[in-house]
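Here is my note on the model, point by point. Please read it with the structure open.

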Amino acid sequence: MSAKLRLTAWFTLMMLLLCAATLTFVFVVNGSAVADDPQSQLIARVDRNARKVEFENGRFEWEDLKFYRRGVSCWVCDADGAFLQGVRPDGLPELPPEDGALRTVSGGDGPYYMYDVYVDMDVTGLWIRGVISTESRSGVMHTINILTAVLLPCLLVVTVTGGWGIAHLTFRPMEQIIGAADAINDDRDLSARIGLKKGPIEMRRLSRSFDSLFARLEKSFHAERQFTSDASHELRTPITVILAECDRAKRKCETKEDFLQSIGVIEEQGQHMSQLVQELLGLTRLQQGTTRYPLQRADVSGFVTSCCEDFLPADDRGITLTTDIQPEVQATFNPSLLQRAVYNLLQNAYKYGKPGGHITVTLRAAGHGAALSVADDGIGIAPEDQEKIWQRFWQADPSRGEDGGSGLGLSMVQEIAAFHGGRATVDSTPGQGSTFTITLPRR
Ligand code: ADP
């Protein structure tokens, strides 16, 4: 049974129970009020009036009497039956009073029930006579009849239809979400989104949660696929070299020196592979978002200064590193990632810098964040390559990769900048040098 049907069945049942309970309550608690027959009403009214008559100081007092109420007309007559006061419908026959007698009389607007009560006050007495049309029905009962026969079924129909409608509207987006999720699952198309724009707020939130889940999944699958393809592609060359070297060693190496030379080649390739896998894993994890990199708002000036002091170039080639750091700049960053970015940029600046040249690290407050740049006066980058340098494994001169480069350094820098909500850019002139800038906006 669908939730929609369950919900509707539930409040229909509750509605029926409520109706039944209301009716029972009215009938049981207010039983006297719903006495429907006109005779009972007449007798009750006349008796009530009879009880209210008082005789004081030789006079009758009947101010409290109700002469007309709910179809019952009453009037007072003296002991001889002469009319004194009250409401008497026209055209009724003048019958002699008879204590406690309930009679049916014709006249006026139709047949009436007539009832007399004698109020005896010892010295004297008076008659109270009441009449009610034989067709009269109690107001309460009439209302209940209408309610039962017309209003309640109408109310029931309105409630059930309204409830079904609301349930339908509420659950329709859910069906949309299920449909979209199934379609994504069937087509294996993680780029599709539910994107629910209308509907109850809870459903829109659910749709947003699903969409962000799909976005994460898509990112994660994409990163995984990229990792697999990159790893298999990039590891192919060193593996081939290792296998070839092993083959060569088996066939040609005769002396210990020959073997050591072959092992050296294998070791170098092994180290290259290890570095590559590590960098690739770091990059993939950052893209996948599987590893947590907590952000902190801190003094980025001091942090960048210490990064520059701690950095040890593989080969400084007589290059001088200077810093131009604005003090006490605050930014939101992850220390280990920012350090990796600074190191990558410095590594490149030393690698592609001019022997005996200069590297300048600059930090400035920008907006509520910071802008960090690393400038060198080295070989520079051709304008047509400036877009490509951010791609994985791209190298202007792959032969330089042998000194430790894998072509992943700048991809990592770009990912780190994006992780911080910023950007990594380059400004370079071939033969004059390059300036790489990372922005760290306030998050
Ligand atoms: P790697 O340095 O390991 O080759 P990167 O991703 O760090 O890989 O850099 C990609 C390419 O961008 C480099 O191979 C080089 O051609 C170019 N490049 C990076 N930094 C500089 C720089 N400071 N000056 C000139 N070229 C650079």
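1. Surface first. The accessible surface of the protein chain is about 25700 Å², and carbon and sulfur atoms account for 55% of that area. Areas come from the Shrake-Rupley method with a 1.4 Å probe, and for residues only the protein chains shown count as cover.

2. Ground rules. This is a predicted model: local features need pLDDT of at least 70, side-chain atom pairs count only at pLDDT 80 or more, and totals for chains, interfaces and linings use all residues. Residues are numbered from 1 along each chain as its sequence is written, and side-chain values use heavy atoms, with hydrogens and water left out.

3. Overall build. The protein chain has 8 helices and 15 strands. Both are DSSP runs, numbered from the N terminus: helices are H or I with at least four residues, strands are E with at least two. The radius of gyration is 50 Å, well over the 22 Å that the globule rule gives for 443 residues, so the chain is more spread out than a compact globule. That radius is taken over C-alpha atoms, and the rule is 2.2 Å times the number of residues to the power 0.38. Along its principal axes, the C-alpha trace spans about 155 × 55 × 40 Å.

4. Of the 443 residues, 36% are buried. Buried means under 20% relative accessible area, exposed over 50%, and partly exposed in between (1.4 Å probe, protein chains only). Contact means heavy atoms within 4.5 Å. Take the contacts between residues at least 6 apart in sequence: 64% of them join residues at least 24 apart.

5. Charge. There are 45 positive and 55 negative side chains. The centres of the two sets lie 3 Å apart. Lys and Arg count as positive, Asp and Glu as negative; His and the chain ends are not counted. Each charge is placed at NZ of Lys, CZ of Arg, CG of Asp or CD of Glu.

6. Helix α1. L18 sits in this helix, residues 3-29. L18 is exposed, at 53% relative accessibility. Its C-alpha atom is separated by 24 Å from that of S2, 16 residues apart along the chain.

7. Strand β8. R129 belongs to this strand, residues 124-133. Is R129 buried or exposed? The residue is buried, with a relative accessible area of 7%. Beyond its neighbours within four places in sequence, R129 contacts V46, S73, C74, W75, L95, P96, P97, R103, M114, Y115 and D116. G86 lies 43 residues from R129 in sequence and 9.4 Å away in space, C-alpha to C-alpha.

8. Helix α5. L276 lies in this helix, residues 256-288. At 2% relative accessibility, L276 is buried. Leaving aside neighbours within four places, its contacts are E234, L235, F393, S406 and L408. One of these, F393, is 117 residues away in sequence, with 10.0 Å between the C-alpha atoms.

9. Strand β9. D299 is in this strand, residues 296-299, and is partly exposed at 32%. Not counting residues up to four places away, D299 touches E328, V329, Q330 and F333. L440 is 141 residues from D299 in sequence and 12 Å away, C-alpha to C-alpha.

10. Aromatic pairs. The structure holds 7 of them. Rings of Phe, Tyr and Trp (its six-membered ring) pair if their centres lie within 6.5 Å; planes under 30 degrees apart are stacked, over 60 edge-to-face, and the rest tilted. F303 and F333 form a tilted pair, 5.1 Å centre to centre with 45° between the planes. The pair links distant parts of the chain, 30 residues apart: F303 in helix α6 (residues 300-310) and F333 in strand β11 (residues 330-333). Both F303 and F333 are buried. Elsewhere, ring pairs join F311, Y343 and Y350 into a cluster.

11. Backbone points to check. Most residues other than glycine have a negative phi. Which phi does R317 have? The value is near 45°, positive in a residue other than glycine. R317 lies in the loop between α6 and β10 (320-325) and is partly exposed at 28%. E328 also has a positive phi, about 55°, and is not a glycine. E328 is in the loop between β10 and β11 and is exposed, with a relative accessible area of 67%.
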